[in-house]
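Subject: Structure handover

Hello,

Here is the structure for you to look at. My notes on what I found follow below it.

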Amino acid sequence: MANTYTQIYIHVVFAVEGRQNLIPLEHNAELQKYITGIISSQNHKLIAINNLPDHLHLLIGLRPDASLSDLVRDIKAFSAKFINERRWVAGRFFWQEGFGAFSHARSQLDTVIRYIQNQPKHHQKKSFRDEYIELLKKFEVDYDQRYIFKKIAG
């Protein structure tokens, strides 16, 4: 795409199916490295990544000719397969359907990076559900409470 110059920064957030605490902390580095490979293999730039046992945050520099939905679909599909092949969880691992995506200006990147890096500290005070709803409200994203999180029956 000659003569195309962009600066597209997207903060992506998605949850483990049913918001279950399934991602073992001892595997965070390996999972994050794997996801970094997925993103870079599609020629996007991973700026920040962090996860807790029940969700994941990414800050991505997105190519202008790519679909964010396709990228997130690939990240979720390939990383779920990776987790399942390594048998990190009992049963099957799935990411929850859907995701949140929030755009940022270059001037906001340091703040977003710190926010993503400080997730464990942040969640000592606030649940992921509350954090997610706060992001949706802050960015004035219309949402329906019934569809934000699918709970596991039982």
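First, a term: a contact here means heavy atoms within 4.5 Å. With that in hand, take the contacts in the protein chain between residues at least 6 apart in sequence: 69% of them join residues at least 24 apart. Please keep in mind that this is a predicted model.

Overall build

The protein chain has six helices and four strands. Along the sequence they follow the pattern β-α-β-β-α-β-α-α-α-α. The radius of gyration is 15 Å, close to the 15 Å that the globule rule gives for 154 residues, so the protein chain is as compact as a globular protein of that length. Its C-alpha atoms fill a box of roughly 55 × 35 × 25 Å along the principal axes. Of the 154 residues, 44% count as buried. The protein chain exposes about 9200 Å². Carbon and sulfur atoms supply 48% of that area.

The sheet

The four strands form an open sheet. Their order is β2-β3-β1-β4, and the pairing is antiparallel. The edges belong to β2 (45–52) and β4 (100–104). Each has a single partner strand, so one side of each is left without a neighbour in the sheet. On average, neighbouring strands are turned by 15° against each other, direction ignored.

Look at β2 and β3 next. They pair in the antiparallel sense over seven bridges. A hairpin of two residues joins β2 to β3.

Another is α5 (residues 128–138), which touches β1, β3 and β4. The direction of α5 makes about 145° with that of β1.

The cores

The largest nonpolar core has 25 residues. Which of them touch the most other members? They are Val-12, Phe-14, Ile-35, Leu-58, Ile-75, Phe-93 and Trp-95. At least two core residues come from each of β1 (9–15), α1 (28–41), β3 (55–61) and α2 (68–85). The most come from α2, which gives seven.

Leaving aside neighbours within four places in sequence, Val-12 is in contact with Leu-56, His-57, Leu-58, Ile-60, Leu-68, Val-72, Phe-99, Gly-100 and Ala-101.

Asn-43 lies in the loop between α1 and β2. Its phi is positive, about 65°, although Asn-43 is not a glycine. Is Asn-43 buried or exposed? At 59% relative accessibility, it counts as exposed.

Glu-140 is found in the loop between α5 and α6 (145–148). Its phi is near 55°, again a positive value in a residue other than glycine. Glu-140 counts as exposed too, at 71% relative accessibility.

Best wishes

Key
Residues numbered from 1 in each chain as written. Predicted model: local features only at pLDDT ≥ 70, side-chain atom pairs only at ≥ 80, totals over all residues. Heavy atoms only, no water. Core = buried A, V, L, I, M, F, W, Y, C linked by side-chain atoms within 4.5 Å. Buried < 20%, exposed > 50% of the residue type's maximum accessible area, 1.4 Å probe, protein only. Pairing = 2+ DSSP bridges. Axes fitted to C-alpha atoms, helices over the stretch in contact; angles between N-to-C directions. Rg over C-alpha atoms; globule rule 2.2 N^0.38 Å. Areas by Shrake-Rupley, 256 points an atom, 1.4 Å probe, with all protein chains shown as cover.
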